[in-house]
Amino acid sequence: MKNVALIGASGFVGNAILNELLDRGHRVTAIVRNASKIKASSPKLEIKEIDVEDTSALTEALKGEDVVISAYNPGWSNPAMYEDTLRVYPQILNAVKASGVKRLQIVGGAGSLFVKPGLRLVDTGTLPEAWLPGVKSMAEFFLETLVNEKELDWVFFSPAANLGNLTTGVRTGKFRLGKDDLIVDEKGESFISVEDYAMAMVDELEQENHHQERFTIGY
């Protein structure tokens, strides 16, 4: 059992990770903007309503944890999603370091994955326009900030291009992991259910196979 702080536990991905953590017996501190959105209940769950931009409060909340998992997302409908992501994620990094926690696992994006040598997914022109602020900001955060972070033992876990968009509620355990290249199936599609993504995220929590690097998942 590990003591885990989960930032963004009430979101689409965060909620799946929360359920996976609790099902596997970990103690979770769920850090959310609105505690009423957390539906899970467990003696191993503590909910803290914190604005992640309050670095002092976030730092204090993280102290004593073994690992921080960040599923922070400013909201896909947020018109300032690009700017907010690039502003807030460095603040989260600073709070984790100030708290003394050494391990940070981040719900990454697929945009910076390569679809062929020299061509990243974000640059293919195939992504829906509505996705671009979130995709571009996470790619920039990873490439310009996170890869230069030497103090924390971080991982950036990129999902497949489609995360839970085709089918949901499926936890198969039959997925593939990779490094920097987008994983596609025999039909050329890139997909992972949010439940399998959460399973692999908690596998990483327990096994710590990756260090200061990005990895990815797909069927």
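Phe12, Val13, Ala16, Ile17, Glu20 and Leu21 of helix 1 touch Val194, Tyr197, Ala198, Met199, Met201, Val202 and Leu205 of helix 5. Sort that contact by class and you get 12 nonpolar residues, one charged residue and no polar ones. Keep in mind that you're looking at a predicted model.

How do the two helices sit? The axes of helix 1 and helix 5 (residues 194-207) come within 8 Å and cross at roughly 55 degrees. That angle makes helix 1 oblique to helix 5, and the crossing is right-handed.

Now for another pair. Helix 2 (residues 55-62) and helix 3 have axes that come within 8 Å, crossing at roughly 45 degrees, so these two are oblique to each other as well. Their crossing is right-handed. On the helix 2 side, the contact uses Thr55, Leu58, Thr59 and Leu62, while helix 3 brings Gln91, Ile92, Ala95, Val96, Ala98 and Ser99. By class, that's six nonpolar, four polar and no charged residues.

| Helix pair | Axes come | Crossing angle |
|---|---|---|
| Helix 1 and helix 5 | within 8 Å | roughly 55 degrees |
| Helix 2 and helix 3 | within 8 Å | roughly 45 degrees |

The largest pocket has a volume of about 910 Å³. Its lining takes in 39 residues, and Val13, Asn73, Trp76, Met81 and Val107 lie nearest the centre. Helix 1 (12-23), strand 2 (27-32), helix 3 (81-99), helix 4 (132-145) and strand 9 (162-163) each give at least two residues to that lining. The lining's classes are 24 nonpolar, 13 polar and two charged residues.

Key
Residues are numbered from 1 along each chain as its sequence is written. This is a predicted model: local features need pLDDT of at least 70, side-chain atom pairs count only at pLDDT 80 or more; totals for chains, interfaces and linings use all residues. Side-chain values use heavy atoms; hydrogens and water are left out. On a 1 Å grid over the protein atoms alone, a cavity is a set of points where a 1.4 Å probe fits but cannot get out, and a pocket is an open set with protein on both sides within 12 Å along at least five of seven lines; lining residues have an atom within 4 Å of a point. Grid points are joined across faces, edges and corners, and a volume is the space filled by probe spheres set on the points. Helices (H or I, at least four residues) and strands (E, at least two) are DSSP runs, numbered from the N terminus. Ala, Val, Leu, Ile, Met, Phe, Trp, Tyr, Cys and Pro count as nonpolar, Asp, Glu, Lys and Arg as charged, and the others, Gly among them, as polar. Axes are lines fitted to C-alpha atoms, for helices over the stretch in contact, and angles run from 0 to 180 degrees between N-to-C directions. Angles under 35 degrees count as roughly parallel, over 145 as roughly antiparallel, 65 to 115 as roughly perpendicular and the rest as oblique. A crossing is left-handed if the near helix is turned anticlockwise from the far one by less than a right angle, and right-handed if clockwise. Contact means heavy atoms within 4.5 Å.
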